[in-house]
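Me: Hi! Could you walk me through this model?

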Amino acid sequence: MTRVLIVDDEPSIRQLVATLLTLEGFDVTTAPDGRAALQRVQADVPDVVISDVRMPYMTGYELLAAIRAHPALGAVRFILLTSSTGDDPAAQSAVAMADACLTKPFTRDLLLDTLRTLGA
């Protein structure tokens, strides 16, 4: 069973995605921000992290960079959820490090297709 960590500071979005993926057979845990997510990833490595970009304490970009910098976490696949990457160089760099990037709002089918593409 694929283990997925969902990271979003919006409780309703976090719960919606968690419920959707649980119903699809994924083993789901959640975190309210990047700092809490990094602690969870280090304690129990998931197969996939799905993270919002804009969050307090640690952004999705910072979480992604921290995971990519840790050698033991190299196999963790990472999906960024963003409203737009625009022309921000930091955003474009983070998207390049991510395995996938979904623009909000996204559909159930797009999320599931993305997970399947990543082998989850």
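Me: What share of the residues is buried?
Reply: Buried residues (under 20% relative accessible area, 1.4 Å probe, protein chains only) make up 43% of the 120 residues in the protein. Bear in mind that this is a predicted model, where local features need pLDDT of at least 70, side-chain atom pairs count only at pLDDT 80 or more, and totals for chains, interfaces and linings use all residues. Residues are numbered from 1 along each chain as its sequence is written, and side-chain values use heavy atoms, with hydrogens and water left out.

Me: Thanks! How many helices and strands are there?
Reply: The protein has 5 helices and 5 strands, taken as DSSP runs (H or I, at least four residues, for helices; E, at least two, for strands) and numbered from the N terminus. From the N terminus on, the order is β-α-β-α-β-α-β-α-β-α.

Me: At what angle do H1 and H5 pack?
Reply: H1 (residues 11–23) and H5 (residues 108–117) pack at about 60°, with their axes 12 Å apart. Axes are lines fitted to C-alpha atoms over the stretch in contact, and angles run from 0 to 180 degrees between N-to-C directions.

Me: Which residues make the contact?
Reply: Val17, Leu20 and Leu21 of H1 meet Arg108, Leu111, Leu112 and Leu115 of H5, with contact meaning heavy atoms within 4.5 Å.

How values were computed. Buried means under 20% relative accessible area, exposed over 50%, partly exposed in between (1.4 Å probe, protein chains only).
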